[in-house]
Amino acid sequence: MAPGWVSFLLFAGCNAVLENTQAWTVSQRCMMDTNTFLLEMNQDKPKEYAVLMYDAFGKMGSNVEGGNTNQPGLLQQCRSAHGPTFSGQYCQVFLRQGQIQYFVGICVPDSCEEEEVQTLVLYDRLQFGQMSLIPPLPPILVNQSTQELIMTHCLSNSIAPDASDVTCLSVSEVLWAIIRWQRKREVSPTVESSCLNSGLNLYGTMKTNGSSRGEINNSTSEENNSARHRSLCFPRSCVYRCLQAFSLQTTSQGVFSTSSSIPGGGYSSLNGIRVLSLFWIVCGHSAQFPVINNLDNYKDWKKTAESNPLYVFTISGPVFLAVDTFLLLGGLLSATSLLGSIRRAEDKLSASLVTDYLFKRIKRVQPLHLFIMCLTIGLISVVQWGPYWFPFIDTLMDCKTYWWANLLLISNLLPVHEICVPWTWYLSLDFQCYATTPLLVYFYRLSRGVFVAVAGSLLLMTTVAGTVITALLQLPVFQPSTLTSENYVLYYYVKPYTRYGPFLIGILTGIYLTTKKDQLLKQKWQAALGWFCCLSLMAVLVGLAYILRETPAYPSVPHALYQGLHRPLWALAVAWIILACEEGYGGFIKSLLSLDLWVPLSNISFACYLTHPVFIILYIGLQETPIHYTDINFMYLFLGHLVLTLVVSYVFTVLVVKPYLLLKWSST
């Protein structure tokens, strides 16, 4: 996501002094304030502001060989320094020395613009005595003594939101004001609020326990409920009904319910699979962001974690498989939902039914999606970030330029550096896959032979696409360093033509489970063989991710085959787990996946997915010093992010997701 960088050569030990400040393109005030600071710093007893500014400069630390190359300095100390006519301003100087790229935090007068700071650095004007305040790394650590100035970046001392930031913050404030006003009124439950509460488990990208089952079960269909609501609810003013929808007494009911909405608990294993996959993703992201941006011992981490399968749940392991699990569940639930709607419509698949089916999906996904996008834009503009925030600054700019792609759910089709709120690419992919379900169901109803041919062709095409793209572009299996490979994300990771396989297998699984008349598994030996193949396949896919972790230097057949085949194979393994649990051969695994504990967590899983990166970015962006990798540190990072995510996701579910559904119900 980094912008285009202009390179300048900075030779160590350059002491050239230009008397004409115009030739330097440095303003007179900046030059005077800089000279004041440098002269004061060289006094026998310098004033406090000069000591603070000097002390705030980044300096080389230990373990450079282990990856501790960045020299962030002290941002807040720099800002706390106040000279005669200026205050301290924190800037970052990005340098390259040999094969090592790093940044140094410096403290300069706030009268200097970013371009002027770059000029001062370029001509080595920042010196303490005869020593540069930005010295190169010593020859014993780096063979190359020449520093290449990549760019400079200054962090503003003030917050200046623009019109779009103010708009986003205002929307959030209005919503919060409505909630607080309703809470003070303490509206008691009425017949209307009771009717509004029925059937409220239909929300989220990944439909919850109540969602999938409610749509499968005829008795909880939206069509029947809407008619019942019209007949039972007392008429109220539109304003009152809208405010009632934001009542906490109304929206908080049912979120923590652990009861199944279908007698017998159909598809109960989905809740556990969904939540455990979500935890896997949160754990991976909790490790990914520090590893990419601000570890002081990155090389030590790489040696320890990337080659050890014990770290399978961190980003060093194949966390991408959890995304394929979500796609499988999405395909399964989309098929069962559409088949249920067709059954309720007198077994007719009409254009109006498909339109309504897709529109309901948009209405479930977009409210919280757009709220998080708006909140992120506003949040980025009002927080004073630390030195490690800079890699994320493009997220703000992209949101102001490409917000429309999120609105249309096509953000994953853009170049990766143009995606607003980057982790929302999954929502676009999910909807694009979701839109194919009616077509496949149409072919299934038309002719079994045509359906098999179409489904087989689609599965073959997505497999071949992943294989060919990996071979031609020499793509790696996912690792943290993979994010520096633009081709990996641009052409492979977020695209529907390489990701569609698990969703398609989910559709096939959903059709089978909905239409089957008899059990597939009739003998225990069949189940035992199935479990052996399933678990063996999962172990092989995880193990190969470690074996193939290095980026190939030339087109690699093993890498290509793995990238083309691992998604559908993993989806088949998870589909087996669901099938075995449904047919009574799940054993203790079904007991684990069907625990009541997973139901409320599943109810807020959609909000968790959208919210957890915000906390991770906040944590990383506010850091002033690098994070030191240890297993215990990363475990606490994961647990801290997870707990905050669960709490705030519950709040967002109650304040954003459910109120919108209530408004939808009240309009029927």
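Reader: Among contacts in the chain between residues at least 6 apart in sequence, what percentage join residues at least 24 apart?

Author: This is a predicted model. The chain holds 27 helices and 6 strands. Of the contacts between residues at least 6 apart in sequence, the share that joins residues at least 24 apart is 80%.

Reader: What share of the residues of the chain counts as buried?

Author: A residue is buried when its relative accessible area is under 20%. The chain has 668 residues. The share of them that counts as buried is 54%.

Reader: How many disulfides are there by the distance rule?

Author: The rule asks for two cysteine sulfur atoms within 2.5 Å. Cys30 and Cys112 meet it with sulfur atoms 2.0 Å apart, Cys78 and Cys107 with 2.1 Å, and Cys91 and Cys154 with 2.0 Å. The count of disulfides is 3.

Reader: Is the disulfide of Cys30 and Cys112 right-handed or left-handed?

Author: Cys30 is buried at 0% relative accessibility, and Cys112 is buried at 1%. The torsion about their S-S bond is about 95°, so the disulfide is right-handed.

Reader: How many residues apart in sequence are the parts that Cys30 and Cys112 tie together?

Author: The sulfur atoms of Cys30 and Cys112 form a disulfide. Cys30 belongs to helix α2 (residues 28–41), while Cys112 sits in the loop between β3 (100–109) and α5 (114–122), so the parts tied together are apart in sequence by 82 residues.

Reader: Which cysteine has the sulfur nearest to that of Cys533?

Author: Cys533 is in no disulfide. Its relative accessible area is 42%, so Cys533 is partly exposed. The nearest cysteine sulfur is 8.8 Å away and belongs to Cys534.

Reader: Which helix gives the largest share of the nonpolar patch?

Author: The patch covers about 640 Å² and is made by Leu460, Val464, Val468, Leu472, Leu473, Tyr491 and Tyr497. Leu460, at 56% relative accessibility, counts as exposed. The largest share, 5 residues, comes from helix α19.

Reader: Is Thr509 buried or exposed?

Author: Thr509 is part of helix α21 (residues 496–515). Leaving aside neighbours within four places in sequence, Thr509 is in contact with Leu332 and Ala575. Its relative accessibility is 13%, so Thr509 counts as buried.

Reader: How far is the backbone oxygen of Ile505 from a polar atom of the side chain of Thr509?

Author: Thr509 lies in helix α21. The distance from a polar atom of its side chain to the backbone oxygen of Ile505 is 2.8 Å.

Reader: By what distance are the C-alpha atoms of Tyr629 and Asp300 separated?

Author: Tyr629 is in the loop between α26 (605–621) and α27 (631–666). Along the chain, Tyr629 and Asp300 are 329 residues apart. The separation of their C-alpha atoms is 8.0 Å.

Reader: With the side chain of which residue does the side chain of Tyr629 make a polar contact?

Author: Tyr629 is buried, with a relative accessible area of 8%. Beyond four places in sequence, the residues it touches include Leu295, Trp301 and Phe634. The polar contact of its side chain, at 2.5 Å, is with the side chain of Asp631.

Conventions
Residues are numbered from 1 along each chain as its sequence is written. This is a predicted model: local features need pLDDT of at least 70, side-chain atom pairs count only at pLDDT 80 or more; totals for chains, interfaces and linings use all residues. Side-chain values use heavy atoms; hydrogens and water are left out. Helices (H or I, at least four residues) and strands (E, at least two) are DSSP runs, numbered from the N terminus. Buried means under 20% relative accessible area, exposed over 50%, partly exposed in between (1.4 Å probe, protein chains only). Contact means heavy atoms within 4.5 Å. Patches are made of residues with over 30% relative accessible area and no salt bridge: like charges are joined within 9 Å, nonpolar side chains (Val, Leu, Ile, Met, Phe, Trp, Tyr) within 5 Å. Accessible areas come from the Shrake-Rupley method with a 1.4 Å probe; for residues, only the protein chains shown count as cover. A salt bridge is a side-chain nitrogen of Lys or Arg within 4 Å of a carboxyl oxygen of Asp or Glu. A polar contact is a pair of N or O atoms within 3.5 Å; within protein, one must be able to donate a hydrogen and the other to accept it, and residues adjacent in sequence count only if both atoms are side-chain atoms.
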